[in-house]
Amino acid sequence: MSVPKYFELEDGDRLPRIGFGTWQAPPDVLEKAVDAALEAGYRHFDSARAYENEDALGRALNRWIGGDAAKRKELFVVTKLPPSGNRPESVEEYFEASRRDLGLDYIDLYLIHVPFAFEHVPGDLHPKNPDGSMKMDYSTDLVGVWKEVLKLKKSGRVRHVGVSNMNEEQLSRLCAVEKPACLQVEVHVLFQQKKLIAATKQLGIPIVAYSPLGSKALADVLAAKTGRNYPNLLELPTVLNIAKAHSRTPAQVLLRFLLQHGVACIPKSTDPTRIQQNLSVLDFELNKNEMQELAALDRGEDGRICDFMFFVGAEKHTEFPFKK
Ligand SMILES: NC(=O)c1ccc[n+]([C@@H]2O[C@H](COP(=O)([O-])OP(=O)(O)OC[C@H]3O[C@@H](n4cnc5c(N)ncnc54)[C@H](OP(=O)(O)O)[C@@H]3O)[C@@H](O)[C@H]2O)c1
(Lines give C-alpha, C1' and ligand atoms only; values in the text may rest on other atoms or scores of the structure.)
Protein backbone atom coordinates (compact mmCIF):
# COMPACT_ATOMS: atom_id res chain seq x y z
CA MET A 1 0.00 0.00 0.00
CA SER A 2 1.60 3.22 -1.09
CA VAL A 3 1.07 6.28 1.08
CA PRO A 4 0.82 9.76 -0.42
CA LYS A 5 3.44 12.19 0.88
CA TYR A 6 0.84 14.90 1.52
CA PHE A 7 -2.74 15.60 2.49
CA GLU A 8 -4.19 17.86 -0.19
CA LEU A 9 -5.88 20.84 1.48
CA GLU A 10 -8.25 23.41 0.08
CA ASP A 11 -6.50 26.13 -1.99
CA GLY A 12 -4.13 23.47 -3.37
CA ASP A 13 -1.86 23.63 -0.30
CA ARG A 14 -0.28 20.38 0.84
CA LEU A 15 0.23 19.18 4.39
CA PRO A 16 3.24 16.82 4.58
CA ARG A 17 2.21 13.57 6.28
CA ILE A 18 5.38 13.50 8.35
CA GLY A 19 6.08 16.59 10.40
CA PHE A 20 8.48 17.58 13.13
CA GLY A 21 7.28 17.83 16.76
CA THR A 22 8.77 20.44 19.08
CA TRP A 23 7.14 19.90 22.51
CA GLN A 24 9.47 19.61 25.51
CA ALA A 25 12.53 20.62 23.51
CA PRO A 26 14.47 23.38 25.31
CA PRO A 27 14.99 26.39 22.99
CA ASP A 28 18.76 25.99 22.44
CA VAL A 29 18.42 22.24 21.81
CA LEU A 30 15.41 22.80 19.53
CA GLU A 31 17.20 25.35 17.37
CA LYS A 32 19.93 22.82 16.50
CA ALA A 33 17.36 20.04 16.04
CA VAL A 34 15.37 22.16 13.57
CA ASP A 35 18.57 22.80 11.58
CA ALA A 36 19.03 19.00 11.43
CA ALA A 37 15.37 18.46 10.53
CA LEU A 38 15.51 20.96 7.66
CA GLU A 39 18.71 19.33 6.43
CA ALA A 40 17.02 15.90 6.60
CA GLY A 41 14.11 17.22 4.51
CA TYR A 42 11.29 17.99 6.99
CA ARG A 43 9.09 20.84 5.80
CA HIS A 44 6.16 20.52 8.26
CA PHE A 45 6.89 21.91 11.74
CA ASP A 46 4.47 21.62 14.64
CA SER A 47 4.68 24.24 17.34
CA ALA A 48 2.49 25.83 20.01
CA ARG A 49 2.51 29.00 22.10
CA ALA A 50 2.27 26.75 25.16
CA TYR A 51 5.60 25.03 24.33
CA GLU A 52 7.40 28.31 25.03
CA ASN A 53 10.01 27.71 22.30
CA GLU A 54 8.47 29.31 19.19
CA ASP A 55 11.32 31.83 19.07
CA ALA A 56 13.95 29.07 18.71
CA LEU A 57 11.93 27.40 15.94
CA GLY A 58 11.52 30.79 14.24
CA ARG A 59 15.26 31.53 14.34
CA ALA A 60 16.16 28.22 12.70
CA LEU A 61 13.40 28.49 10.09
CA ASN A 62 14.29 32.07 9.18
CA ARG A 63 17.99 31.18 8.82
CA TRP A 64 16.98 28.50 6.34
CA ILE A 65 14.48 30.75 4.49
CA GLY A 66 17.12 33.49 4.19
CA GLY A 67 14.52 35.98 2.96
CA ASP A 68 13.65 33.83 -0.07
CA ALA A 69 9.84 33.81 -0.54
CA ALA A 70 9.99 30.59 -2.59
CA LYS A 71 11.74 28.77 0.29
CA ARG A 72 9.15 30.09 2.75
CA LYS A 73 6.46 28.57 0.52
CA GLU A 74 8.10 25.14 0.85
CA LEU A 75 7.41 25.17 4.61
CA PHE A 76 4.25 24.22 6.45
CA VAL A 77 4.42 25.88 9.87
CA VAL A 78 1.83 25.10 12.52
CA THR A 79 1.23 26.78 15.85
CA LYS A 80 -1.59 26.84 18.39
CA LEU A 81 -3.74 29.17 20.44
CA PRO A 82 -2.94 28.29 24.09
CA PRO A 83 -5.63 27.52 26.69
CA SER A 84 -4.98 30.98 28.23
CA GLY A 85 -6.11 32.53 24.94
CA ASN A 86 -9.40 30.66 24.57
CA ARG A 87 -11.64 33.71 24.68
CA PRO A 88 -12.82 35.53 21.54
CA GLU A 89 -11.28 38.80 22.74
CA SER A 90 -7.87 37.15 23.44
CA VAL A 91 -7.32 35.40 20.09
CA GLU A 92 -5.72 38.34 18.29
CA GLU A 93 -3.20 39.07 21.07
CA TYR A 94 -2.05 35.46 21.47
CA PHE A 95 -1.87 34.89 17.72
CA GLU A 96 0.23 38.00 17.17
CA ALA A 97 2.61 36.93 19.97
CA SER A 98 3.15 33.61 18.15
CA ARG A 99 3.63 35.28 14.78
CA ARG A 100 6.12 37.72 16.31
CA ASP A 101 8.15 34.98 18.05
CA LEU A 102 8.17 32.77 14.96
CA GLY A 103 9.22 35.81 12.91
CA LEU A 104 6.88 34.85 10.05
CA ASP A 105 4.53 36.99 7.97
CA TYR A 106 1.98 34.22 7.88
CA ILE A 107 1.31 30.89 9.61
CA ASP A 108 0.33 27.89 7.47
CA LEU A 109 -1.99 26.31 10.05
CA TYR A 110 -3.30 27.79 13.31
CA LEU A 111 -5.01 25.41 15.71
CA ILE A 112 -7.13 25.86 18.81
CA HIS A 113 -4.90 23.76 21.10
CA VAL A 114 -7.57 22.52 23.54
CA PRO A 115 -11.27 23.26 24.03
CA PHE A 116 -10.99 24.27 27.74
CA ALA A 117 -9.50 27.55 28.96
CA PHE A 118 -7.21 29.03 31.60
CA GLU A 119 -7.42 32.56 32.93
CA HIS A 120 -5.37 35.17 31.11
CA VAL A 121 -2.44 36.00 33.42
CA PRO A 122 0.17 38.18 31.69
CA GLY A 123 3.53 36.37 31.46
CA ASP A 124 2.15 33.03 32.69
CA LEU A 125 0.73 30.59 30.15
CA HIS A 126 -0.02 27.96 32.83
CA PRO A 127 -1.43 29.95 35.77
CA LYS A 128 -1.94 27.96 38.96
CA ASN A 129 -3.75 28.41 42.24
CA PRO A 130 -1.77 28.03 45.49
CA ASP A 131 -3.03 24.41 45.79
CA GLY A 132 -1.47 23.50 42.40
CA SER A 133 -4.76 23.42 40.46
CA MET A 134 -5.01 25.49 37.28
CA LYS A 135 -6.65 28.90 37.29
CA MET A 136 -9.45 27.73 35.01
CA ASP A 137 -11.73 29.98 32.99
CA TYR A 138 -15.02 28.07 32.98
CA SER A 139 -16.86 30.63 30.80
CA THR A 140 -15.51 29.35 27.46
CA ASP A 141 -17.42 30.20 24.28
CA LEU A 142 -15.77 27.64 21.97
CA VAL A 143 -17.77 28.59 18.89
CA GLY A 144 -17.01 32.27 19.57
CA VAL A 145 -13.27 31.45 19.74
CA TRP A 146 -13.54 29.50 16.48
CA LYS A 147 -15.20 32.47 14.75
CA GLU A 148 -12.32 34.73 15.85
CA VAL A 149 -9.74 32.19 14.63
CA LEU A 150 -11.54 32.11 11.26
CA LYS A 151 -11.11 35.89 11.03
CA LEU A 152 -7.32 35.38 11.15
CA LYS A 153 -7.63 33.35 7.97
CA LYS A 154 -9.70 36.05 6.30
CA SER A 155 -7.01 38.59 7.23
CA GLY A 156 -4.40 36.55 5.29
CA ARG A 157 -2.10 36.05 8.29
CA VAL A 158 -3.05 32.35 8.45
CA ARG A 159 -3.54 30.06 5.47
CA HIS A 160 -5.56 27.34 7.24
CA VAL A 161 -7.24 26.98 10.61
CA GLY A 162 -7.99 23.84 12.55
CA VAL A 163 -8.34 22.32 15.99
CA SER A 164 -6.69 19.93 18.40
CA ASN A 165 -7.96 17.71 21.22
CA MET A 166 -11.64 18.08 20.26
CA ASN A 167 -14.21 15.30 20.51
CA GLU A 168 -16.82 14.47 17.86
CA GLU A 169 -19.54 16.61 19.43
CA GLN A 170 -17.25 19.66 19.61
CA LEU A 171 -16.15 19.09 16.01
CA SER A 172 -19.72 19.01 14.78
CA ARG A 173 -20.49 22.28 16.62
CA LEU A 174 -17.50 23.95 14.91
CA CYS A 175 -18.32 22.37 11.54
CA ALA A 176 -21.73 24.09 11.69
CA VAL A 177 -19.79 27.37 11.36
CA GLU A 178 -16.94 26.16 9.11
CA LYS A 179 -15.09 22.88 8.77
CA PRO A 180 -11.63 22.84 10.44
CA ALA A 181 -8.75 22.14 8.01
CA CYS A 182 -7.49 19.38 10.28
CA LEU A 183 -7.79 17.76 13.70
CA GLN A 184 -4.63 17.09 15.69
CA VAL A 185 -5.10 14.41 18.35
CA GLU A 186 -3.17 11.67 20.11
CA VAL A 187 -2.98 8.54 17.94
CA HIS A 188 -0.57 5.63 18.23
CA VAL A 189 -0.55 1.88 18.14
CA LEU A 190 -2.03 1.54 21.66
CA PHE A 191 -4.61 4.29 21.09
CA GLN A 192 -5.79 4.03 17.50
CA GLN A 193 -8.84 6.33 17.72
CA LYS A 194 -10.75 4.21 15.19
CA LYS A 195 -14.15 5.79 15.89
CA LEU A 196 -12.90 9.38 15.75
CA ILE A 197 -10.89 8.68 12.59
CA ALA A 198 -13.93 7.14 10.90
CA ALA A 199 -16.04 10.19 11.88
CA THR A 200 -13.48 12.69 10.57
CA LYS A 201 -13.10 10.71 7.35
CA GLN A 202 -16.86 11.17 6.80
CA LEU A 203 -16.46 14.89 7.45
CA GLY A 204 -13.38 15.13 5.18
CA ILE A 205 -11.11 16.38 7.98
CA PRO A 206 -7.51 15.05 7.92
CA ILE A 207 -6.07 13.77 11.21
CA VAL A 208 -2.58 14.63 12.43
CA ALA A 209 -1.38 12.15 15.06
CA TYR A 210 0.51 13.57 18.01
CA SER A 211 2.67 11.48 20.37
CA PRO A 212 2.96 8.86 17.58
CA LEU A 213 5.83 7.14 19.40
CA GLY A 214 4.13 7.17 22.80
CA SER A 215 5.67 10.38 24.18
CA LYS A 216 8.11 8.56 26.49
CA ALA A 217 9.11 11.72 28.40
CA LEU A 218 5.47 12.50 29.25
CA ALA A 219 4.68 8.85 30.03
CA ASP A 220 7.63 8.72 32.48
CA VAL A 221 6.46 11.88 34.28
CA LEU A 222 2.88 10.58 34.51
CA ALA A 223 4.02 7.13 35.67
CA ALA A 224 6.04 8.74 38.49
CA LYS A 225 3.01 10.83 39.52
CA THR A 226 0.23 8.25 39.22
CA GLY A 227 1.97 4.89 39.58
CA ARG A 228 0.23 3.80 36.36
CA ASN A 229 2.18 1.56 34.00
CA TYR A 230 2.75 3.10 30.54
CA PRO A 231 4.21 0.49 28.18
CA ASN A 232 7.11 1.66 26.04
CA LEU A 233 5.75 1.44 22.48
CA LEU A 234 9.27 1.13 21.10
CA GLU A 235 9.78 -2.11 23.07
CA LEU A 236 6.53 -3.92 22.32
CA PRO A 237 7.42 -7.45 21.07
CA THR A 238 5.11 -7.16 18.03
CA VAL A 239 6.77 -3.89 17.03
CA LEU A 240 10.28 -5.30 17.59
CA ASN A 241 9.54 -8.41 15.50
CA ILE A 242 8.15 -6.42 12.59
CA ALA A 243 11.06 -3.97 12.78
CA LYS A 244 13.49 -6.89 12.61
CA ALA A 245 11.70 -8.40 9.61
CA HIS A 246 12.07 -5.13 7.67
CA SER A 247 15.52 -4.15 9.05
CA ARG A 248 13.91 -0.95 10.29
CA THR A 249 13.77 0.75 13.69
CA PRO A 250 10.75 0.25 16.00
CA ALA A 251 9.98 3.98 15.58
CA GLN A 252 9.84 3.59 11.80
CA VAL A 253 7.36 0.71 12.19
CA LEU A 254 5.15 2.78 14.53
CA LEU A 255 5.16 5.72 12.11
CA ARG A 256 4.60 3.58 9.03
CA PHE A 257 1.65 1.92 10.77
CA LEU A 258 0.06 5.34 11.32
CA LEU A 259 0.63 6.43 7.72
CA GLN A 260 -1.04 3.25 6.46
CA HIS A 261 -3.77 3.84 9.09
CA GLY A 262 -4.53 7.05 7.12
CA VAL A 263 -3.18 9.76 9.41
CA ALA A 264 -0.26 12.21 9.33
CA CYS A 265 2.27 12.12 12.21
CA ILE A 266 4.56 14.61 13.92
CA PRO A 267 7.27 12.70 15.84
CA LYS A 268 9.55 14.79 18.04
CA SER A 269 13.25 14.11 18.31
CA THR A 270 16.29 16.24 19.03
CA ASP A 271 18.75 13.53 17.97
CA PRO A 272 20.06 13.98 14.38
CA THR A 273 20.08 10.23 13.62
CA ARG A 274 16.57 9.67 14.95
CA ILE A 275 15.37 12.85 13.20
CA GLN A 276 16.52 11.40 9.89
CA GLN A 277 15.17 7.88 10.57
CA ASN A 278 11.73 9.18 11.52
CA LEU A 279 11.37 10.83 8.13
CA SER A 280 12.44 7.73 6.18
CA VAL A 281 9.18 5.84 6.32
CA LEU A 282 7.80 6.19 2.82
CA ASP A 283 10.11 3.61 1.23
CA PHE A 284 8.85 0.42 2.87
CA GLU A 285 5.49 -1.17 3.43
CA LEU A 286 3.78 -3.20 6.16
CA ASN A 287 1.84 -6.14 4.79
CA LYS A 288 -1.76 -7.01 5.66
CA ASN A 289 -0.76 -9.46 8.43
CA GLU A 290 1.62 -6.98 10.01
CA MET A 291 -1.05 -4.26 9.91
CA GLN A 292 -3.50 -6.66 11.57
CA GLU A 293 -1.01 -7.61 14.30
CA LEU A 294 -0.37 -3.93 15.04
CA ALA A 295 -4.08 -3.08 14.89
CA ALA A 296 -4.67 -5.76 17.55
CA LEU A 297 -2.51 -3.78 20.04
CA ASP A 298 -5.18 -1.07 20.34
CA ARG A 299 -6.28 -0.58 23.97
CA GLY A 300 -8.98 1.95 23.22
CA GLU A 301 -9.37 4.70 25.83
CA ASP A 302 -6.97 2.85 28.20
CA GLY A 303 -4.20 3.52 25.69
CA ARG A 304 -4.47 7.30 25.98
CA ILE A 305 -1.38 8.91 27.51
CA CYS A 306 -1.98 12.68 27.21
CA ASP A 307 -5.23 12.90 29.23
CA PHE A 308 -4.52 16.45 30.51
CA MET A 309 -4.87 15.31 34.12
CA PHE A 310 -1.60 17.21 34.68
CA PHE A 311 -3.78 20.34 34.38
CA VAL A 312 -5.54 19.81 37.70
CA GLY A 313 -9.12 21.13 37.47
CA ALA A 314 -9.34 20.97 33.66
CA GLU A 315 -11.57 17.89 33.88
CA LYS A 316 -14.26 20.02 35.60
CA HIS A 317 -14.55 22.33 32.57
CA THR A 318 -17.76 21.75 30.56
CA GLU A 319 -15.65 21.63 27.36
CA PHE A 320 -13.17 19.05 28.73
CA PRO A 321 -13.03 16.72 25.71
CA PHE A 322 -12.17 13.31 27.13
CA LYS A 323 -15.22 12.25 29.13
CA LYS A 324 -14.94 8.62 30.20
N1 LIG B 1 -1.86 19.08 20.27
C2 LIG B 1 -1.43 18.59 21.42
O3 LIG B 1 -2.06 18.72 22.47
C4 LIG B 1 -0.12 17.85 21.46
C5 LIG B 1 0.18 17.03 22.55
C6 LIG B 1 1.36 16.32 22.54
C7 LIG B 1 2.24 16.45 21.47
N8 LIG B 1 1.95 17.29 20.43
C9 LIG B 1 2.89 17.48 19.29
O10 LIG B 1 3.26 16.19 18.81
C11 LIG B 1 4.67 16.06 18.87
C12 LIG B 1 5.08 14.62 19.10
O13 LIG B 1 4.55 14.12 20.31
P14 LIG B 1 5.43 13.91 21.63
O15 LIG B 1 6.57 14.85 21.62
O16 LIG B 1 4.48 13.94 22.77
O17 LIG B 1 5.93 12.42 21.56
P18 LIG B 1 6.54 11.41 20.48
O19 LIG B 1 6.92 12.08 19.24
O20 LIG B 1 5.60 10.26 20.45
O21 LIG B 1 7.81 10.88 21.24
C22 LIG B 1 8.91 11.72 21.50
C23 LIG B 1 9.92 10.90 22.31
O24 LIG B 1 10.41 9.81 21.51
C25 LIG B 1 11.83 9.87 21.41
N26 LIG B 1 12.15 9.48 20.04
C27 LIG B 1 11.93 10.16 18.90
N28 LIG B 1 12.32 9.46 17.83
C29 LIG B 1 12.80 8.29 18.29
C30 LIG B 1 13.34 7.14 17.68
N31 LIG B 1 13.48 7.07 16.34
N32 LIG B 1 13.73 6.10 18.46
C33 LIG B 1 13.61 6.18 19.81
N34 LIG B 1 13.09 7.24 20.46
C35 LIG B 1 12.69 8.29 19.71
C36 LIG B 1 12.19 11.32 21.71
O37 LIG B 1 13.47 11.43 22.27
P38 LIG B 1 14.68 12.19 21.52
O39 LIG B 1 14.25 13.61 21.32
O40 LIG B 1 15.82 12.04 22.46
O41 LIG B 1 14.90 11.46 20.22
C42 LIG B 1 11.12 11.70 22.73
O43 LIG B 1 11.48 11.26 24.03
C44 LIG B 1 5.06 17.03 19.98
O45 LIG B 1 6.44 17.30 20.00
C46 LIG B 1 4.17 18.19 19.67
O47 LIG B 1 4.69 18.94 18.59
C48 LIG B 1 0.77 17.96 20.40
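Which residues are the closest to the ligand, and how many surround it? I found 26 residues around the ligand, the closest being D46, L213, S215, S269 and R274; I counted a residue when one of its heavy atoms lies within 4 Å.

I note that the model is predicted, with local features needing pLDDT of at least 70, side-chain atom pairs counting only at pLDDT 80 or more, and totals for chains, interfaces and linings using all residues. Residues are numbered from 1 along each chain as its sequence is written, and side-chain values use heavy atoms, without hydrogens and water.

I next looked up polar contacts (pairs of N or O atoms within 3.5 Å). An oxygen atom of the ligand lies 2.7 Å from a side-chain N or O atom of S215, and one lies 2.8 Å from a side-chain N or O atom of K268. At T22, a polar backbone atom is 3.1 Å from a ligand oxygen. The protein covers 89% of the 900 Å² of accessible area that the ligand has on its own (Shrake-Rupley method, 1.4 Å probe).

Lastly, I consulted the record: an unreviewed UniProt entry annotates residues 17–298 as "domain: NADP-dependent oxidoreductase".

How values were computed. A polar contact is a pair of N or O atoms within 3.5 Å; within protein, one must be able to donate a hydrogen and the other to accept it, and residues adjacent in sequence count only if both atoms are side-chain atoms. UniProt positions are given in the numbering used here, feature names are shortened, and annotations may be inferred rather than shown by experiment.
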